[in-house]
Amino acid sequence: MFVGHEFLAFALAGWGARSTGADRRTALHLGGIAAIAALLPDLDVAYAAATYATAVAGGAPLGWEAFWGVANGVHRVVTHPLPVGVVAALAFTAAAAVATAWLEPTPRTAGSDFPSESGRDALAAVLATLFATAGVAALLSTFSRVVGRTPALVAAAFLLAVAVAGALVGRRADASTASLAAAAGVGFLSHPFGDVFLAVPPPLLSPFGPPVLTERVSLAADPTVEILAVLFFELAAVWLGVVVAFRLTAGDFARTDGNLSGLRGAIDVRSMTGVAYGAAVFVLPRPTVVDAHVLGFTIVPLAVVVGLWTGYSNARRGTSDDPSGGHRTGVAVGGLSALTALTVAAVVYLVVYLATPW
């Protein structure tokens, strides 16, 4: 349930940029930046895993429920709050701006008293760095004082990783500093709201404000229908990102016309293999939010197999004039078919589950 963050952020930033006049290439870059920013808050899973391993060494039981019981004390608590997202967006933007402008010369345009474009970029980098430095200092000092020294160190490590990612992205980004900040903000600030369905929501205002939205948002009374509803929410985010990417690239990657009809044409009929997952209702334990792995570790491998199967078949159709074209098409068709198979499998499972008397 991690990938929906990135696809949703990509869709929001990419389509938003395109709607405000950006060209397709810039919109793709900004969508990609937002997706990277939406991924970064989950880096704390590594710290959570290390914490759980230490707990197991001390006698804690093995198991998913036990893992999340320990990990939820550290996962999302430091990296997901909205104030952290704001500061992370500033740090990401500052590092990207420095990487693209601050290390370059800043001449003035001939015959003009105003700085050139490079000069304006350098000024933007300075301002972004000042804001980021102030934000980081305020955030870390408040974390240390209100929450504790360990969370402050985790937050510092997270912001350092964010800055490194920003610097790497900044060397390749083709966008203004303001656009970078907006795209990064979309990624960091949209992330925590995707976590309210599967677990206890993160402390949204920490470390500056009181707890809000302290209970998980339940989508259904039946626990199995609830986990399927979470899956459908995630799938909707992924499909939205796919549709926006398809529109922004005009279908070039899959060699289609870039319209929704072309998107449907890029999906292999073998994705209907997902219908077979309906049998899982009778042979597997009922998945719930607590036992989400029962669903994830069975339905996702099925989709992956379908994707590899269809992708390989289509990749072999490359021409001698453009041998890489077949590989690109194979990747696109394989990915779309895997996603379709997963969607079909989830829908069929829900229908069979609801139609079966228990």
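1. In this predicted model, Ala48, Ala49, Thr51, Tyr52 and Ala55 of α3 are in contact with Ala66, Phe67, Val70 and Ala71 of α4, where contact means heavy atoms within 4.5 Å. Sorted by class, this contact between α3 and α4 involves eight nonpolar residues, one polar residue and no charged residues (nonpolar: Ala, Val, Leu, Ile, Met, Phe, Trp, Tyr, Cys and Pro; charged: Asp, Glu, Lys and Arg; polar: the others, Gly among them).

2. The axes of α3 (residues 44-57) and α4 (residues 64-71) come within 9 Å and cross at roughly 110°, the axes being lines fitted to C-alpha atoms over the stretch in contact, with angles from 0 to 180 degrees between N-to-C directions. That makes α3 roughly perpendicular to α4 (65 to 115 degrees). Helices here are DSSP runs of H or I with at least four residues, and strands are runs of E with at least two.

3. The unreviewed UniProt entry lists several spans as "transmembrane region", including residues 152-170 and 333-355, although such annotations may be inferred rather than shown by experiment. Residues 152-170 are 100% helix and 0% strand, with end C-alpha atoms 26 Å apart, and residues 333-355 are likewise 100% helix and 0% strand, with end C-alpha atoms 32 Å apart.

4. Two salt bridges are found in the whole structure (a side-chain nitrogen of Lys or Arg within 4 Å of a carboxyl oxygen of Asp or Glu). One of them joins the side chains of Arg216 and Glu226 at 2.4 Å, N to O.

5. Local features need pLDDT of at least 70 and side-chain atom pairs count only at pLDDT 80 or more, whereas totals for chains, interfaces and linings use all residues. Residues are numbered from 1 along each chain as its sequence is written, and side-chain values use heavy atoms, with hydrogens and water left out.

Technical notes: Angles under 35 degrees count as roughly parallel, over 145 as roughly antiparallel, 65 to 115 as roughly perpendicular and the rest as oblique.
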